[in-house]
Amino acid sequence: MSTLSMSHALRAGILEEMRRDENVILMGEDLGRMGNPFGITLGALDEFGPDRVVETPISESGFTGMAVGAAMRGLRPVVELMYVDFIGVCMDAVMNQAAKMRYMTGGQINVPMVVRAPMGSGRRNAGQHSQCLETLFTH
């Protein structure tokens with residue numbers, strides 16, 4: 001039995017979907033050359049180019065909102081927040097736009113996007129990078 005780490009499984013899944021569907025794009029900070037802090041997107045920029053691996057400024061609300069618009073137009077963004085701690089500034093795009101758009105348009109518009117946000121304590125990443133905010137989305 002072989003063991004696959006969570007990081008390797010995430011990377012394999014994202015890259016597999018990007019190979020399968022040209023509408024899948026990545027958006028976030030440090031995704032390209034750095035491969036994100038956990039190496040999830042290593043090699044993606046080389047394989048898919050800057051049109052599909054979009055390096056963003058440090059503006060989580062901006063690029064999450066941009067992903068909602070891209071999804072409404074047919075792309076399938078995978079938004080990478082470096083840490084879940086930054087989801088607070090994205091809540092308008094996530095809760096008031098992405099989550100409701102299908103219902104507000106009577107099913108005419110879908111928002112097929114993923115927001116990936118690593119979370120958890122115990123990594124010694126300080127107060128701004130260690131929260132466990134799962135309950136925001138499970139309630």
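Let's start with helix α3, residues 60-72, which lies across β1 and β3 and runs at about 165° to β3. For angles like that one, axes are lines fitted to C-alpha atoms, for helices over the stretch in contact, and the angles run from 0 to 180 degrees between N-to-C directions. Contact here means heavy atoms within 4.5 Å. And the names: helices (H or I, at least four residues) and strands (E, at least two) are DSSP runs, numbered from the N terminus.

Quick housekeeping before we go on. This is a predicted model, so local features need pLDDT of at least 70 and side-chain atom pairs count only at pLDDT 80 or more, while totals for chains, interfaces and linings use all residues. Residues are numbered from 1 along each chain as its sequence is written, and side-chain values use heavy atoms, with hydrogens and water left out.

Okay, the sheet. In what order do the 4 strands of the open sheet come? The order is β2-β1-β3-β4, and the pairing is parallel. Two strands count as paired if DSSP finds at least two bridges between them. If you're new to this, strands of a sheet pair through backbone hydrogen bonds, either parallel or antiparallel. At the edges sit β2 (53-55) and β4 (114-116), each pairing on one side only. From one strand to the next, the twist averages 20°.

Helix α1, residues 6-20, packs on this sheet too, touching β1 (24-28), β2, β3 and β4. The direction of α1 makes about 130° with that of β1.

Now let's walk through the pairings. β1 and β2 run parallel and are joined by 3 bridges; L26, for instance, has V53 in β2 as its bridge partner. β1 and β3 pair in the parallel sense over 5 bridges. There, I25 has P77 of β3 as its bridge partner, and L26 stands opposite V78 in β3.

Buried means under 20% relative accessible area, exposed means over 50%, and partly exposed is in between (1.4 Å probe, protein chains only). Both faces are covered: V24, L26 and G28 are buried on one side, I25 and M27 on the other. β3 is mostly covered, with 4 of its 5 residues buried.

On to the nonpolar cores. A nonpolar core is a set of buried Ala, Val, Leu, Ile, Met, Phe, Trp, Tyr and Cys residues joined through side-chain atoms within 4.5 Å. The largest one has 19 residues, and V68, V79, L81, I87, V111 and M113 touch the most other members. β1, α3 and α4 are the elements that give two or more residues to this core. A second, separate core has 11 residues, including I14, M18, V24 and L26.

Next, the rings. How many aromatic pairs does the structure hold? It holds 2. Rings of Phe, Tyr and Trp (its six-membered ring) pair if their centres lie within 6.5 Å; planes under 30 degrees apart count as stacked, over 60 as edge-to-face, and the rest as tilted. F38 and Y83 have ring centres 6.0 Å apart and planes at 80°, so that pair is edge-to-face. This pair links distant parts of the chain, 45 residues apart: F38 is in the loop between β1 and α2 (44-48), and Y83 is in the loop between β3 and α4 (91-98). Y83 also forms an edge-to-face pair with F86, at 6.3 Å centre to centre and 80° between the planes. Put together, ring pairs link F38, Y83 and F86 into a cluster. F38 is partly exposed at 32% relative accessible area, whereas Y83 is buried at 9% and F86 is buried at 18%.

Last stop: D30, in the loop between β1 and α2. Its phi is near 60°, a positive value in a residue other than glycine. D30 is partly exposed, with a relative accessible area of 32%.
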